[in-house]
Amino acid sequence: MQIVVNGEERTVAAMSVLAYITSLGIDPQRVAVELNLDILPKSDYATTELKDGDRLEIVHFVGGG
C-alpha cells in the first residue's frame, strides 16, 4: 500500500504505526506522530493500523541546551 511519510511517498506492508516506527529503527518513546493531520496518542500506536493513502508526520525530540 502507499502512504506518505514526512512528505515522501512510501510503499509499505500492512502494519501498525508502532510496527512501522520500529521498522525504521526509531524509539517510539522519542517521537510524536501525526496521522492524517491528527496527533496520535502513544497509547494508540500499537492498535492503529496503517491504511492505503495515510499521511504520517514523524517528529523526533532532540535534547540540547
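How many bridges join β1 to β5, and do these strands run parallel or antiparallel? Two bridges join them, and the strands run parallel. Good morning.

The structure is a predicted model, in which local features need pLDDT of at least 70 and side-chain atom pairs count only at pLDDT 80 or more, while totals for chains, interfaces and linings use all residues. Residues are numbered from 1 along each chain as its sequence is written, and side-chain values use heavy atoms, with hydrogens and water left out. As for pLDDT, this is the predictor's confidence in each residue, from 0 to 100. The protein chain has a mean pLDDT of 95, and 97% of its residues reach 70 or more. Confidence is highest in β1, at 98, and lowest in β5, at a mean of 95.

Let us turn to the sheet. Helices (H or I, at least four residues) and strands (E, at least two) are DSSP runs, numbered from the N terminus. Two strands are said to pair if DSSP finds at least two bridges between them. Here, five strands make an open sheet with mixed pairing, in the order β2-β1-β5-β3-β4. Its edge strands are β2 (8-11) and β4, each of which pairs on one side only.

Now to the individual pairs. Strand β1 (residues 2-5) pairs with β2 in the antiparallel sense over four bridges, and Val4 has Glu9 of β2 as its bridge partner. On the β5 side, the partner of Val5 is Leu56. Strand β3 (residues 31-35) and β4 are also antiparallel, with three bridges; Val33 stands opposite Leu40 there.

Two loop residues deserve a remark. Asn6 lies in the loop between β1 and β2, a hairpin with two residues between the strands. Its phi is near 50 degrees, a positive value in a residue other than glycine. Asn36, in the loop between β3 and β4, likewise has a positive phi of about 50 degrees without being a glycine. For accessibility, buried means under 20% relative accessible area, exposed over 50%, and partly exposed in between (1.4 Å probe, protein chains only). Asn6 is partly exposed because its relative accessibility is 39%, and Asn36 is partly exposed because its relative accessible area is 36%.

What of the interior? A nonpolar core is a set of buried Ala, Val, Leu, Ile, Met, Phe, Trp, Tyr and Cys residues joined through side-chain atoms within 4.5 Å. The largest such core has 15 residues, and those with the most contacts inside it include Ile3, Val33 and Leu56. The elements giving two or more residues to this core are β1, α1 (17-23), β3 and β5. In soluble globular proteins, nonpolar side chains tend to be buried together. Contact means heavy atoms within 4.5 Å. Not counting residues up to four places away in sequence, Leu56 touches residues including Ile3, Tyr20, Val33 and Leu50.

Finally, consider the loop between β4 (38-40) and β5 (55-60), where Ala46 is found. The side chain of Thr48 reaches the backbone oxygen of Asp44 at 2.7 Å. Ala46, by contrast, is partly exposed, at 44% relative accessibility. Leaving aside neighbours within four places in sequence, Ala46 is in contact with Ser16 and Leu18, and the contacts of Thr48 include Ser16, Leu35 and Leu40. Thank you.

Definitions and conventions. A polar contact is a pair of N or O atoms within 3.5 Å; within protein, one must be able to donate a hydrogen and the other to accept it, and residues adjacent in sequence count only if both atoms are side-chain atoms.
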